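Open the model in your viewer and keep the selection tool at hand. The stops below go one selection at a time.

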Amino acid sequence: MQVAVLASGSKGNAVFAEIGGTRLLIDAGISTRRIVKALEGLGEDIKDVQGVIITHEHRDHIAGLTTLCKKYHIPLYSRLETFRSMYCLDKLPQDCLNPIQDSFKIGQLAVNAFNISHDAANPVGYSLIGDNKKITVATDLGFVTSNVQEAIDNSDVLVLEANHDPEMLSEGSYPWMLKKRIMGNRGHLSNGDAAWALVRMKKRESHVFLAHMSAENNCPKLAAETITGIIKKQGIKLGSELMLQLAKQNEVVTLDGQFI
Ligand SMILES: [Zn+2]
Ligand SMILES: [Zn+2]
């Protein structure tokens, strides 16, 4: 199993995952050049990627799709409503588009899509299951619904949004409408909400990438302090039960990166 967050944040998102020899990308919100280069750095070849599963149509999750798909003809998987809402839909090779149901298979992997609360057409998170491992990606969500909480249970690896600090957001420079959107039920997850989701999740030495961190309304040190503070107070052991890492916008972060 390998998981690498190739990029994470409002300027572009992409995650690489491999279980039992099946290789996938979750979202492609950075350039094809960056994706190919990042994979090379991991000793991986883009030609071995069997699919891109897409969470939703916001540009920071699909900006690299057109080139990636035209150049390498990788199958794309997403909700039909998500495909229909993509700004680049006309440019995508139609035979690459695979509208999904809640569960489907790619290679050796069972893929489960679960609904998330976010201001997009029909946004989802994903769990990948195979070889007795489970990888879950849940970013871009206004709050943790019970089905999200259930989906993240027993993940070996979890990419979870920790977008903002509510105080930094409310005191920051964003226009009021945008603040309201981010804080709303269909916006983005705060550090505290991410921490409580981790407290409640059923854990098995779970490795967590804290992701989609805002450059304006959060900072790595504050996110780490807030989240570890809540987790430790609940008696959860960091480093054994839960291992936490910060995903980054401009740097590839792998499972053997630096823990917080
Ligand atoms: Zn996003
Ligand atoms: Zn989004």
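Two residues are in contact here when heavy atoms of theirs lie within 4.5 Å of each other. Keep that cut-off for the last stop. The model is a predicted one.

**Stop 1: the zinc ion (ligand 2)**

Select the zinc ion (ligand 2) and show the residues around it. Which residues coordinate the zinc ion (ligand 2)? They are H56 through NE2, H58 through ND1, H118 through NE2 and D140 through OD, at 2.2 to 2.5 Å. Along the chain, these donors follow the spacing H-x1-H-x59-H-x21-D. H56 belongs to the loop between β4 (51–53) and α2 (59–62), and H118 to the loop between β8 (109–115) and β9 (124–130), so this pair ties together parts 62 residues apart in sequence. Both H56 and H118 are buried.

Now look at the angles. Those among the four donor atoms of the zinc ion (ligand 2) run from 91 to 170°, and the site is irregular. A tetrahedral site would need all its angles between 85 and 135 degrees.

**Stop 2: D140, the bridge**

Select D140 next. What does D140 bridge? D140 bridges the zinc ion (ligand 2) and the zinc ion (ligand 1), and the two ions lie 3.5 Å apart. D140 has 1% relative accessibility and therefore counts as buried, the cut-off being under 20%.

**Stop 3: the zinc ion (ligand 1)**

Move across to the zinc ion (ligand 1). D60 (OD), H61 (NE2), D140 (OD) and H212 (NE2) coordinate the zinc ion (ligand 1) at 2.1 to 2.2 Å. Why is the arrangement around the zinc ion (ligand 1) irregular? Because its four donor atoms subtend angles of 93 to 166°. The donor residues are spaced D-H-x78-D-x71-H in sequence.

Show D60 and D140 together. D60 is in helix α2, while D140 is in the loop between β10 (133–138) and α5 (146–152); the pair links distant parts of the chain, 80 residues apart. D60 counts as buried because its relative accessibility is 13%.

**Stop 4: T82**

Finish by selecting T82, in helix α4 (residues 80–85). Is T82 buried or exposed? With 0% relative accessibility, T82 counts as buried. Leaving aside residues up to four places away in sequence, T82 touches I54, H56, E57, A121 and N122. One of these, H56, was a stop-1 selection: H56 coordinates the zinc ion (ligand 2) through NE2.

Technical notes:
Residues are numbered from 1 along each chain as its sequence is written. Chains are lettered from A and ligands numbered from 1 in the order in which they are written. This is a predicted model: local features need pLDDT of at least 70, side-chain atom pairs count only at pLDDT 80 or more; totals for chains, interfaces and linings use all residues. Side-chain values use heavy atoms; hydrogens and water are left out. Donors are N, O and S atoms within 2.8 Å of the metal (3.2 Å for Na, K and Ca); water is not among the atoms, so sites may look incomplete. Four donors count as tetrahedral if all angles lie between 85 and 135 degrees; four count as square planar and six as octahedral if opposite donors are over 155 degrees apart and all others between 65 and 115; anything else is irregular. Helices (H or I, at least four residues) and strands (E, at least two) are DSSP runs, numbered from the N terminus. Buried means under 20% relative accessible area, exposed over 50%, partly exposed in between (1.4 Å probe, protein chains only).
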